[in-house]
There are 2 protein chains.
Amino acid sequence: MDPINIRQLAEKLNLSVSTVSKAFRNSYDINPQTRERILALARELNYQPNPAAASLRTQQSKTLAVILPAIDNTFFVQALKGIETVARQRGYHVLIYVSYDDHDQEVALTNSLQRGRIDGVLMSIADAGKDLGHLSELGAKGIPVVFFDRVYEHDDHFQVTTNDRESAYSATAHLLGLGCRRIAHLTLDRSLSIADRRRQGYLDALRDYGIAEDPDLVFACPVDAEQKYEALHAFLARERPEAVFSSFENLALLTYQACASLALRIPQDLKIISFSNLEAAPLLSPALSTVHQRAYEIGSSASGILIDLIEQKPTPGFRKLSLPATLELRTSTIG
Amino acid sequence: MDPINIRQLAEKLNLSVSTVSKAFRNSYDINPQTRERILALARELNYQPNPAAASLRTQQSKTLAVILPAIDNTFFVQALKGIETVARQRGYHVLIYVSYDDHDQEVALTNSLQRGRIDGVLMSIADAGKDLGHLSELGAKGIPVVFFDRVYEHDDHFQVTTNDRESAYSATAHLLGLGCRRIAHLTLDRSLSIADRRRQGYLDALRDYGIAEDPDLVFACPVDAEQKYEALHAFLARERPEAVFSSFENLALLTYQACASLALRIPQDLKIISFSNLEAAPLLSPALSTVHQRAYEIGSSASGILIDLIEQKPTPGFRKLSLPATLELRTSTIG
DNA sequence: TTGAAAGCGCTAACAA
DNA sequence: TTGTTAGCGCTTTCAA
């Protein structure tokens, strides 16, 4: 029942604890036969080294923390898959923390991250418009951090993102190419690296097509739960855009709902394209055109870079890695 | 940079380490002013107790492991949300492990769970048809486990599930009530507590409506990636059921695809209802009727029970908690 | 190739 | 109310 420790194991073998310890970290200065004998008995007695003790001694926990703004979101789920897979391959455990898009929770969470429990942090931030002192504190504790997707724009940090500006540009250009002129942009009501870049791509495309920017056509959705749908509904009813480019999946889904309520037909009355990794996008009514991010790769790369950092392996010379998104055009724009 | 330890903190305060230690676990035998003085300096110097050391000493890590068969699945994501929320409220950290529906990975994962790293395990199993010795080993290590959704049918263990049989019955009865007679059932190609119960609900409903069971109408989908769609497509083409009751979300989505390819109209040619927590279900073409599980509550309850178990608090007298699902009827059946 | 021993940072029993 | 101290289980240096 109670797990045995290394000393009891050593005693049963008439060996010293140091020899037994060596067997588990296949040190070279150990007799292969001794090693086998040790491992065999360990298996039999179900001995497993106590990770807390090892961690205390070696000052490494083989554990990463992942801090996400949300989890019920196809992008983050797929990124998490990438993170978990690489971490496990390399012998790391993954602690998950969700800030629920709340800056204060993110701060509390980050500050509670102790040296000793984790070796590094993967992070997608909730709101870059707030005080980001908690991120510097992580650095001050000597904990390596890699940001992904919703990054902290700071040259000192590694980050893995999508080519947000370029793919937002392509999505907008796609709508422009279809002849749309009144193109609305849906984004979030807060400062976010990715939101800024996607909006920039939208604006750049408008400019290149000689369309004047109309601030009324940019809808920055309040993040707080309830009002979202009402606000978006009112916006669409008021502005009656010909097309919508949405930077966030959930805003696209809300637009579908609002269109039903407003009796707007997609794509005849309103075309829509959105950043989204929703697997069911082709099955929506109508099938949703998406900007599809390489979520799994973003997660796996970020995870790999973080572990390299922790293990002081050579890391990429550039600190910013950007993976291209792909446009997946469907009926909601090309019906 | 390098974090200071409790001794250094104590020295700076001219106090002993034990007094300082007490301040952090608001022990009663400490002067409130001393306590304040300690906490103030700790804040200033950014001192945080080393969790590995505490864990080694107290034999508890304040960490739970969650083992899931999949993560890109609305049910598990929502359950995870419930788990994480409750865990955090109660001061626990959450390690996440994904078995990717692979029994061998699950075994490896489970066996690698060490006493000392985690205080307890939340688990949804990959395949109950295989050797489940690894689960007993967890018990042998004295690690408490709570199963949820895909549970290990064993009276010794706590489990939190949906009322699978009953809701499967209702879903099937709904189709029968619409006049359908050739009702297919989609399930997975493996032994799974929930699959068995849902199938039973389906069979019970058929029987109560006086319909003979037709084994050809039960499609047990291979879990391996590639062949899934082909197999399902062939099944639908061959059997031409009037309706489908699916026990798993992804099979419903595949059915939508297959219907498009077979030029079957939903619901005119084929009605479909499925277990699913997909947020976009109302937006599908057509809107999907679902059996919606209380995923968040299942996760939060399981998490709460596990922590009670760990902390030796009184746990529910009954070991099996079942939360009812709700039928959400939409166009795919009542079009 | 093996072993002795120090010590990682903390908690808790006990003494003062 | 505060302090002394043993020891949680492991790794690692150094000696044998």
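**View 1. The contact between H174(A) and T333(A) in a predicted model.** The side chains of H174(A) and T333(A) are joined by a polar contact of 2.9 Å, a term that stands for a pair of N or O atoms within 3.5 Å, where within protein one must be able to donate a hydrogen and the other to accept it, and where residues adjacent in sequence count only if both atoms are side-chain atoms. H174(A) belongs to helix α8 (residues 164-177) of chain A; helices (H or I, at least four residues) and strands (E, at least two) are DSSP runs numbered from the N terminus. With a relative accessibility of 12%, H174(A) counts as buried, that is, under 20% relative accessible area, whereas exposed means over 50% and partly exposed lies in between (1.4 Å probe, protein chains only). Apart from neighbours within four places in sequence, H174(A) is in contact (heavy atoms within 4.5 Å) with I273(A), L327(A), L329(A), T333(A) and I334(A).

This is a predicted model, in which local features need pLDDT of at least 70 and side-chain atom pairs count only at pLDDT 80 or more, while totals for chains, interfaces and linings use all residues. Residues are numbered from 1 along each chain as its sequence is written, chains are lettered from A and ligands numbered from 1 in the order in which they are written, and side-chain values use heavy atoms, with hydrogens and water left out.

View 2. Y256(A) sits in helix α11 (residues 249-262) of chain A and is buried, its relative accessible area being 5%. The side chain of Y256(A) reaches the backbone oxygen of P286(A) at 2.6 Å. Leaving aside neighbours within four places in sequence, the residues in contact with Y256(A) include I266(A), I272(A), L284(A) and, from the other chain, L283(B).

**View 3. The interface of chain A and chain B.** Here 52 residues of chain A are in contact with 52 residues of chain B, and the area buried between the two chains, meaning the accessible area (1.4 Å probe) that two parts lose on being put together, summed over both, is about 4700 Å², with carbon and sulfur atoms giving 58%. Two salt bridges are found across this interface, each a side-chain nitrogen of Lys or Arg within 4 Å of a carboxyl oxygen of Asp or Glu. In a salt bridge, the side chains of K81(B) and D72(A) meet at 2.7 Å, N to O.
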